[in-house]
Amino acid sequence: MLSDQATPDFSIKPTLTGERVILRPFVDDDLDTFRAAVADPEVARLTGSPADDAPDEERMRSWYGSRNAQTDRLDLAVVDRASGACVGEVVLNNWDPGNRNCNFRTLLTAAGRDRGLGTEAVRLVVGHGFERLGLHRISLEVFAFNPRARRVYEKVGFVAEGVLRQVLRDGDDWVDATVMSILAPEWAAHRGYPER
């Protein structure tokens, strides 16, 4: 664990290995996964992305090609160990150095869902955030229409803090988002398994 004065080195892009997934820096071949993801209406909805705002090829290549060079955030590809395929990403971003806080977000394609890959990926990156980067707090927002994601976050130890009311337009409806977080002392107590 880093001391309170140490600054995390986000320029180091680790490879984190679990039983079901590997989290690793992006490679060019991962672009196919994200091309499919941004074209998937369910992914767009679950991430709150406008369906008609999919990035063009040049923007995608530039974005994913620059992730490994970022020094203020950690973006890693989620790879299914069984197939070797990239099935998504996990991100620690919006680094607040004075308070040792980061935001967390993730995206999983259909090929990565409903097999425990997301839960393991979240545990791996959150553990890295606390144990290697010395973070104090990791937070996220989850939309009310995504109970599957909320359950994953709860299984890892994220706690609901409050609701952002009607934060997203979903067709003719408005959707709330729940703010959730996990703190370093909580992680130290359960290491991502609060229900044990």
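Which residues in α4 meet which residues in α5? I'll come back to that in a moment.

First, the ground rules. This is a predicted model: local features need pLDDT of at least 70, side-chain atom pairs count only at pLDDT 80 or more, and totals for chains, interfaces and linings use all residues. Residues are numbered from 1 along each chain as its sequence is written, and side-chain values use heavy atoms, with hydrogens and water left out.

Now the overall picture. The chain has 6 helices and 8 strands. Helices here are DSSP runs of H or I with at least four residues, strands are runs of E with at least two, and both are numbered from the N terminus. From the N terminus, the order is β-β-α-α-α-β-β-β-α-β-α-β-β-α. The radius of gyration is 16 Å, close to the 16 Å from the globule rule for 196 residues, so the chain is as compact as a globular protein of that length. That radius is taken over C-alpha atoms, and the rule is 2.2 Å times the number of residues to the power 0.38. Along the principal axes, the C-alpha atoms fill a box of roughly 45 × 40 × 35 Å.

Next, the sheet. Two strands pair if DSSP finds at least two bridges between them.

Look at β8, residues 173-183. β8 runs antiparallel to β6 (residues 137-143), and 7 bridges join the two. L140 stands opposite M180 in β8. I138 has I182 as its bridge partner. On to β7. β7 and β8 are also antiparallel, over 8 bridges. V159 stands opposite S181, and D170 is partnered by D173. The β7-β8 hairpin has 2 residues between the strands, and G171 takes a positive phi near 65° there.

Now helices on the sheet. Axes are lines fitted to C-alpha atoms, for helices over the stretch in contact, and angles run from 0 to 180 degrees between N-to-C directions.

Helix on helix, then. α1 and α3 (residues 57-66) pack at about 125°, axes 11 Å apart. That makes α1 oblique to α3. The cut-offs: under 35 degrees is roughly parallel, over 145 roughly antiparallel, 65 to 115 roughly perpendicular, and the rest oblique. L31, F34, R35 and V38 of α1 contact E57, M60, R61 and Y64 of α3. Contact means heavy atoms within 4.5 Å. By class, that is 5 nonpolar, no polar and 3 charged residues. Nonpolar covers Ala, Val, Leu, Ile, Met, Phe, Trp, Tyr, Cys and Pro; charged covers Asp, Glu, Lys and Arg; the others, Gly among them, are polar.

Back to the opening. The axes of α4 (residues 117-131) and α5 (residues 147-156) come within 9 Å and cross at roughly 45°. That makes α4 oblique to α5. Their crossing is right-handed. And the answer: G118, T119, V122 and R123 in α4 meet V152, Y153, K155 and V156 in α5. This contact divides into 4 nonpolar, 2 polar and 2 charged residues.

Notes: A crossing is left-handed if the near helix is turned anticlockwise from the far one by less than a right angle, and right-handed if clockwise.
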